[in-house]
Amino acid sequence: MRSNFNRPALVRQLAGFLPEGAHALADASRQDLAERLGQWLNVADAITLSSAHPSIAAVGARAAQQPTRAPTATAEALPAELERVRATLTRSITTRDPKHRPDPNDLDTEFALFHQRHQDQQRRMEMSVDALREHVRQTLAKGEPRLAQLAALDAVMDQMLGGREQRLLAGLPAHLKARFKALRQVAAASDTPDDLRWLQGFEAELEQTLLAELEHRLQPVVGMIEALEP
């Protein structure tokens, strides 16, 4: 049995779209993903990080010269703010239209609705999480030297990798389209092609993919907030 313990939830979710027993293909996909991620930090990025080191160190030095910075009410409120954003986005992702009734004779329209829903949720996540991340950075920048330096480092990493990450996340609908097509073909070949329980299953998978993406997007925020703990 293969262990999923060290694999991110989003990777596990996408790997689950593969046909049962397609371990070789899954391994190839993970290797491809690892290779692509490795290419994110190339020589130019290493130079950028090296160039940013003095400015990050200077941030810490300036923070050390400031009066003692005890945790502020704003900093203490960050975990609650994180949970509020997570809960709001989770509720948005999992809210369905109770009046919608799928048409088994117009499944192309059904997928178009799913696709639009996925893109809408991605935009909501991007706006909300980016705003929260910036707020956390600004709060940490007013804290003790190690926190101020962490905020500066996160800003550099966001600038370096943010665009590339967004382009990869924008490709997720293509994986969902392939999954929809595969489930549709299996259903069409069954004895009950009008049974749309597979469509309900696909909707659940779409929501789980979005929830995994949400946790992925929140990782830098979670890390910075955890750094506030003594």
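A cavity here is a set of points, on a 1 Å grid over the protein atoms alone, where a 1.4 Å probe fits but cannot get out. Its volume is the space filled by probe spheres set on the points, which are joined across faces, edges and corners.

This is a predicted model, where local features need pLDDT of at least 70, side-chain atom pairs count only at pLDDT 80 or more, and totals for chains, interfaces and linings use all residues. Residues are numbered from 1 along each chain as its sequence is written, and side-chain values use heavy atoms, with hydrogens and water left out.

**Exercise 1.** Find the cavities of 30 Å³ or more and say what lines the largest.

*Solution.* Start with the count: there's 1 cavity of 30 Å³ or more. The largest cavity holds about 30 Å³ of space. Next, pick lining residues (an atom within 4 Å of a point): F111, F114, H115, H118, P173, L176 and L206. Now sort them: 5 are nonpolar (Ala, Val, Leu, Ile, Met, Phe, Trp, Tyr, Cys, Pro), 2 are polar, and none is charged (Asp, Glu, Lys, Arg; the others, Gly among them, are polar).

**Exercise 2.** Work out how α5 and α6 pack.

*Solution.* Take axes as lines fitted to C-alpha atoms over the stretch in contact, with angles from 0 to 180 degrees between N-to-C directions. Helix α5 (residues 78–94) meets α6 at about 175 degrees, axes 10 Å apart. So α5 is roughly antiparallel to α6 (over 145 degrees). Contact (heavy atoms within 4.5 Å) involves residues including L82 and V85 of α5 and M125 and L132 of α6. The contact residues split into 10 nonpolar, 6 polar and 3 charged.

Conventions. On a 1 Å grid over the protein atoms alone, a cavity is a set of points where a 1.4 Å probe fits but cannot get out, and a pocket is an open set with protein on both sides within 12 Å along at least five of seven lines; lining residues have an atom within 4 Å of a point. Helices (H or I, at least four residues) and strands (E, at least two) are DSSP runs, numbered from the N terminus. Angles under 35 degrees count as roughly parallel, over 145 as roughly antiparallel, 65 to 115 as roughly perpendicular and the rest as oblique.
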